[in-house]
Every structure is written in C-alpha cells, then in structure tokens.
Amino acid sequence: NGHSQEKVDPLSLVGDELALLANRLRSMVSAEVPRLAEASEYFFKLGVEGKRFRPMVLLLMASSFSIALPAQGVAQVVYNDLRSRQQRIAEITEMIHVASLLHDDVLDHSDTRRGIGSLNYVMGNKLAVLAGDFLLARASVALASLRNTEVVELLSQVLEHLVTGEFMQLSTDSQEVASMDYYMRKTFYKTASLMANSCKAVAVVAGQPMEVATSAFNYGRHLGLAYQLVDDALDFTGTQASLGKPALSDLGQGIVTAPILFALNEHPQMYDLIKRKFRKADDINLALEMVKKSHGITKTQELAAEHAQEAVDAIASLPPCEEPRVQQCRRALMDLAYRVITRSK
Ligand code: FPP
Ligand code: MG
Ligand code: MG
C-alpha cells in the first residue's frame, strides 16, 4: 500500500484538534479569583504552550485503532462522542503534565521554562504551588466527568507515580543512586507513566480489547523512556540557547542520569563523585570529563534507540487495519518515536 507508506507530518494529521485543545485548556482554568486564573493559564498562553507532544500522541493513538469509521446518523453521533472523550483525555493529560512542571520548577528552584521565566520565578513559590494544585483539581473534575472508573484509575495512578518518581530522585542512598535499575524505575514513574497510562486510557475509553490497550500502554511507556534518555543526554550535549533551559542542570542538582551511570561502568572513580552529589569544587567538570571520555553519551543514545524501536514494535503489533487514515496515524506514531531520538531540544 504505497500511499500509507509515505512520510506523514504528525502535526498536520491532528493540527485542527490541537488548536481546539489549546482553547479548551484556557477555558478549563478560568477561576473565581483572577490572579489564580492568570497563574494557572500561564503555560497555556499562545507561544509558550510547548510542543504539545502528549496531546499529539494521544490524538494520533485515538485514530490508530481499527474502528469502523462513522457512517451517518446514530453511528456518527456515537463516534463524535467517543472522539470528544478522547480529546478530554488529551486535555487532562496536558493539565497533569503542566501541573507537574509548575511543582517541579519550585522543587528545582528553576527560573526559566520554555524560554520564559518559570511561574515560581515570576509569581513566587506559593502561587506556583497553588496554581499546580488548581490544575490538578480541574483535571480531576474533567476526569470524573468521563464517567469511566477505569480511566480515573489509570490517570490517578499517574499522579502517584509522578510523586514516587520525584521522591525517588531525592534519594541519598548511594547504592540506589548508582543503580541503573533504580534509575530506570524512577524514569518510568517520573516521565513514562503519564504517556503509558494516558495512551492506555485512550484505548480503554474506546472499549478496545485488552491486547490493544496493552500495546497502547507499551507504546507510551517506551516512547516516554526514550524521551527521557534523550533528555538526559541533551543535558550534557546541549546549550542553554539550544534547550531553552540551562545545560548540565542535572549534575548541578546532584542528579545522576544514564550518561553518568554508563560512565561509572568505565570509570569507577565516578562513584565518589556520585556519593557526594558532585558538590565538591570542580566535581561537575571532573564528571563531565569522565562522561566525555567514556561511552556514556553513546550508550544512552543507544538505549534510547532501543526503546524507540520497542515503541515502533508496539504500534506494529496492533491488529491489521486497511483504513488509510488509521495507517497514516500509525505511521505518524512510528515517525514520532524516531523524532524523539533525533531531536536536539
Ligand atoms: C520534570 O523533570 C518533572 C517531572 C517530569 C515530574 C515532576 C513531578 C512532581 C514535581 C511531583 C508532583 C506531581 C504533580 C502531578 C503535581 P526535570 O526536572 O528532570 O525536567 P525539567 O528539565 O523539565 O525541569
Ligand atoms: Mg526541573
Ligand atoms: Mg526536577
């Protein structure tokens, strides 16, 4: 089937819906107190709404299941209702994501995000924390309105995972911090769980069979892991200008990521630096040098590529479907996995 093998622009397949989503997000955070509304919609404003990567993935996933396309009449109404429920899941996912970023910037004392001042920097910690809570509250109401307890369960579990991952990152136990297994579990909780569970939710709300929901989950999980591994490599290879946030920020915060763990295998001296969280003068430079003369970056990129491949395989495992639109969206999801590992910001 020549047509569906062509390169497709993932954004153009769901661009109209993403524009709708941006408007919905802004209207979902209206608040009685104007300043709270202002704080909550800070990252939903035009120009700083981010890559909207998660909503794009979710809308493409929603179009990747083999459902009979709507004929007319009742079938059309049912289809439209399902689609708007899936859009709701994309909105909820983005709200959870932004809420976690607002809190994350407080915890990390970050002063920039998406190329502008972070909310805590602009409005202070108290407002930023409350704005994050407010987004979660609104996301909860939207979630409940879907009247689907399994979806509520999936996305509530994500909240637990986000907190667990962030908490694991605070660990001071050097054994844990120097373990690749601990790092991968933390990364699943912190980054991949939201993608995995929201992808699954889009399948569950569509009444897809368990195997399909599992493939959707696996796509999100592996895409999320690949995404974070690339992020960790970019923290070493990128610059403030290319990333829109400071480079080497993980090391600066004493956070151990995959490049360091791979470098540790080649340079056991790294363990001392890990133990003292790169706090001694020149530790950051020493660690950077060791990473550079090791295969830390390459191995991180290779691991990211393996997870991207697993994400592609998860899409390939969906039941065959001849519908051109379905095939295009599946291709787009596969392309995205490739883009995740070739991105530079
Ligand atoms: C960004 O990581 C942060 C996360 C992906 C999750 C943060 C989670 C919490 C703060 C727990 C609270 C959760 C909720 C739902 C409010 P990073 O600091 O490595 O990335 P960055 O470079 O984007 O800051
Ligand atoms: Mg941060
Ligand atoms: Mg953080």
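Analyst: **Charged side chains**

Glu 310 has a relative accessible area of 40% and is therefore partly exposed, where buried means under 20%, exposed over 50% and partly exposed in between, with a 1.4 Å probe and protein chains only. The model is predicted, so local features need pLDDT of at least 70 and side-chain atom pairs pLDDT 80 or more, whereas totals for chains, interfaces and linings use all residues. Residues are numbered from 1 along each chain as written, chains are lettered from A and ligands numbered from 1 in written order, and side-chain values use heavy atoms, without hydrogens and water.

Glu 310 belongs to helix α17, residues 296-316 (helices are DSSP runs of H or I with at least four residues, numbered from the N terminus). Together with Glu 302, Glu 306 and Asp 313, Glu 310 forms a negative surface patch, a term for residues with over 30% relative accessible area and no salt bridge, like charges being joined within 9 Å.

Paired charges are a separate matter. Side chains of opposite charge can pair when their charged atoms come close. With a salt bridge taken as a side-chain nitrogen of Lys or Arg within 4 Å of a carboxyl oxygen of Asp or Glu, the count comes to eight. In one of them Arg 83 meets Glu 17, with the closest N and O atoms 2.8 Å apart. Because Arg 83 lies in helix α5 (residues 74-107) and Glu 17 in helix α2 (residues 10-28), this pair ties together parts that are 66 residues apart in sequence. Both Arg 83 and Glu 17 are buried.

Another salt bridge joins Asp 105 to Arg 113 at 2.7 Å, N to O; Asp 105 is buried because its relative accessibility is 2%, and Arg 113 also counts as buried, at 15%.

A further salt bridge, 3.1 Å from N to O, connects Arg 343 with Asp 231. This pair links distant parts of the chain, since Arg 343 sits in the segment after α18 (324-342) and Asp 231 in helix α11 (residues 210-237), 112 residues apart. Arg 343 is buried at 16% relative accessibility, whereas Asp 231, at 22%, is partly exposed. Arg 24, Arg 88 and Glu 91 are joined into one network by salt bridges that share partners.

Notes. Patches are made of residues with over 30% relative accessible area and no salt bridge: like charges are joined within 9 Å, nonpolar side chains (Val, Leu, Ile, Met, Phe, Trp, Tyr) within 5 Å. Accessible areas come from the Shrake-Rupley method with a 1.4 Å probe; for residues, only the protein chains shown count as cover. Lys and Arg count as positive and Asp and Glu as negative; His and the chain ends are not counted. The place of a charge is taken as NZ of Lys, CZ of Arg, CG of Asp or CD of Glu. Helices (H or I, at least four residues) and strands (E, at least two) are DSSP runs, numbered from the N terminus.
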